[in-house]
Amino acid sequence: GQYETSMVMALRPDWIDETARQQVDDVSADDIGLNIDLIGAVAQSYGVWQKGPGHTDDPKQATPELGNALLEITVAEAARFLREFSRHPGPSK
């Protein structure tokens, strides 16, 4: 999809097959069995990913600039999580 393709475009643009990317159908408006609940978690019906196209939105919308922005957010959030996690004591013995 757009998220993953953008990040790969930012990190390893040589891994992107532009011909294939331009031929991918946008399925973001299709009902492919994914449901988003109110907290933003994605739930799927059993077997949906195996039957689907392997993406849920349009990789043609991906850009290296978006990938760089997403990488900055991802790294910052992973670092924030690890800092917070390290503050918690381990289990009591």
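1. Let us begin with a term: a residue is called buried when its relative accessible area is under 20%, exposed when it is over 50%, and partly exposed in between, using a 1.4 Å probe and protein chains only. By that rule, R12 counts as partly exposed because its relative accessibility is 36%. D14 is exposed, at 55%. The side chains of these two residues, R12 and D14, meet in a salt bridge, with 2.8 Å from N to O. A salt bridge here is a side-chain nitrogen of Lys or Arg within 4 Å of a carboxyl oxygen of Asp or Glu.

2. A word on what you are looking at: this is a predicted model, in which local features need pLDDT of at least 70, side-chain atom pairs count only at pLDDT 80 or more, and totals for chains, interfaces and linings use all residues. Residues are numbered from 1 along each chain as its sequence is written, and side-chain values use heavy atoms, with hydrogens and water left out.

3. Now the overall plan. The protein chain has 4 helices and 2 strands, and along the sequence they come in the pattern α-α-β-β-α-α. Helices (H or I, at least four residues) and strands (E, at least two) are DSSP runs, numbered from the N terminus. Of the 93 residues of the chain, 19% count as buried. The accessible surface comes to about 7300 Å², and 57% of this belongs to carbon and sulfur atoms. Accessible areas come from the Shrake-Rupley method with a 1.4 Å probe, and for residues only the protein chains shown count as cover.

4. How is the chain tied together across the sequence? Among contacts with a separation of 6 or more, 68% are made by residues 24 or more positions apart. Contact means heavy atoms within 4.5 Å.

5. Next, look at helices α1 and α4. Helix α1 covers residues 2-11, and α4 covers residues 64-87. They pack at an angle of about 95 degrees, with their axes 7 Å apart. The axes are lines fitted to C-alpha atoms, for helices over the stretch in contact, and angles run from 0 to 180 degrees between N-to-C directions. The pair α1 and α4 is therefore roughly perpendicular. For the cut-offs, angles under 35 degrees count as roughly parallel, over 145 as roughly antiparallel, 65 to 115 as roughly perpendicular and the rest as oblique.

6. Which residues of α1 and α4 meet? On the α1 side they include Q2, Y3 and M7, while the α4 side includes P64, L66 and T74. In α1, the residues T5, S6, M7 and M9 are buried. The buried residues of α1 pack against α4 and also against α2 (18-23).

7. Back to charges. Side chains of opposite charge can pair when their charged atoms come close. The structure holds 5 salt bridges. One of them joins D58 and K60, whose closest N and O atoms are 3.6 Å apart. D58 counts as buried because its relative accessibility is 8%, whereas K60 is partly exposed at 28%.

8. E77 is partly exposed at 40%, and R80 is partly exposed at 35%. Salt bridges that share partners join E77, R80 and E84 into one network. As background, an α-helix has 3.6 residues a turn, so residues three or four places apart point the same way.

9. L82 has its place in helix α4, and L82 counts as exposed because its relative accessibility is 54%.

10. Finally, two loop residues. H55 sits in the loop between α3 (48-51) and α4, and at 11% relative accessibility H55 counts as buried. D25 lies in the loop between α2 and β1 (34-36) and is exposed at 57%. Leaving aside neighbours within four places in sequence, D25 is in contact with H55 and K60.
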